[in-house]
Amino acid sequence: MIQDPISDMLIRIKNAIAAKHPRVDVPGSKMKLEIARILKEEGYINSYMTKGEGAKYSIRIFLRYDAKGNSSITELKRVSKPSRRVYVKASEIPKVLGGYGICILSTPKGVMTGKKARQENVGGELIAEIY
């Protein structure tokens with residue numbers, strides 16, 4: 001049984017990048033779909049799709065590499081964990097790598113990037129940092 005499904009997703013992506021795999025499959029959930037949507041919008045992955053139906057579906061994530069074989073994702077870091085939740089106000093949302101990276105937040109208005117949360121002046125749980 002997986003204790004932290006979001007952390008499991010991020011680790012699977014990290015391992016697939018380390019092994020230079022073109023894609024990775026992760027067990028599906030609404031939160032993971034939102035994280036995959038944000039990664040696609042921000043240009044960290046090529047695309048994603050759902051595979052299967054019902055409660056046991058999976059998400060196939062197609063990773064992005066440049067011409068030299070380097071991934072567009074350098075680091076994935078889980079910030080808020082089940083053992084230690086991290087909440088931030090709209091004014092306290094961190095700028096990852098001086099604005100070059102993104103942070104993903106779960107807010108009352110849905111899952112969004114730190115930049116969008118700052119624009120909408122809403123805080124929430126800091127899920128992950130990606131650069």
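Reader: Which residues are exposed on the other side of helix 2?
Author: Lys 30 and Glu 41 are the exposed residues there. Please keep in mind that this is a predicted model.

Reader: And which residues of helix 2 are buried?
Author: The buried residues of helix 2 are Lys 32, Ile 35, Ala 36, Ile 38 and Leu 39. They cover an arc of only 160° around the axis, and therefore they lie on the same side of helix 2.

Reader: How far apart are the end C-alpha atoms of helix 2?
Author: They are 17 Å apart. Helix 2 has 12 residues, which at 1.5 Å a residue should span 16 Å, so the two values agree.

Reader: What comes just after helix 2?
Author: Gly 43 is found there, and it takes a positive phi of about 85°.

Reader: Changing topic: what is the strand order in the open sheet?
Author: The open sheet has 3 strands in the order 1-3-2, and their pairing is antiparallel. Strand 1 (23-27) and strand 2 (45-51) stand at the edges; each has a single partner strand, so one side of each is left without a neighbour in the sheet. From one strand to the next, the twist averages 20°.

Reader: How many bridges join strand 2 to strand 3?
Author: There are 6 bridges between strand 2 and strand 3 (residues 58-63), and these strands run antiparallel. As one example, Lys 51 has Ser 58 in strand 3 as its bridge partner.

Reader: Which strands do the helices touch?
Author: Helix 1 (residues 5-18) packs on the sheet and touches strand 1 and strand 3. The direction of helix 1 makes about 165° with that of strand 1. Helix 2 (residues 30-41) also packs on the sheet, where it touches strand 1, strand 2 and strand 3. The direction of helix 2 makes about 155° with that of strand 2.

Reader: One more topic: where does Ser 80 lie?
Author: Ser 80 is in the loop between strand 4 (76-78) and strand 5 (87-88).

Reader: Is Ser 80 buried or exposed?
Author: Ser 80 has a relative accessible area of 0%, so it counts as buried.

Reader: Then what is Ser 80 in contact with?
Author: Leaving aside its neighbours within four places in sequence, Ser 80 is in contact with Arg 85, Val 86, Glu 125, Leu 126 and Ile 127. With Val 86, the side chain of Ser 80 reaches the backbone nitrogen at 3.0 Å.

Technical notes
Residues numbered from 1 in each chain as written. Predicted model: local features only at pLDDT ≥ 70, side-chain atom pairs only at ≥ 80, totals over all residues. Heavy atoms only, no water. Pairing = 2+ DSSP bridges. Helix = DSSP H or I, 4+ residues; strand = E, 2+ residues; numbered from the N terminus. Axes fitted to C-alpha atoms, helices over the stretch in contact; angles between N-to-C directions. Contact = heavy atoms within 4.5 Å. Buried < 20%, exposed > 50% of the residue type's maximum accessible area, 1.4 Å probe, protein only. Polar contact = N/O pair within 3.5 Å; in protein donor to acceptor, adjacent residues only side chain to side chain. Expected span 1.5 Å × (residues − 1). Arc of directions from axis to C-beta.
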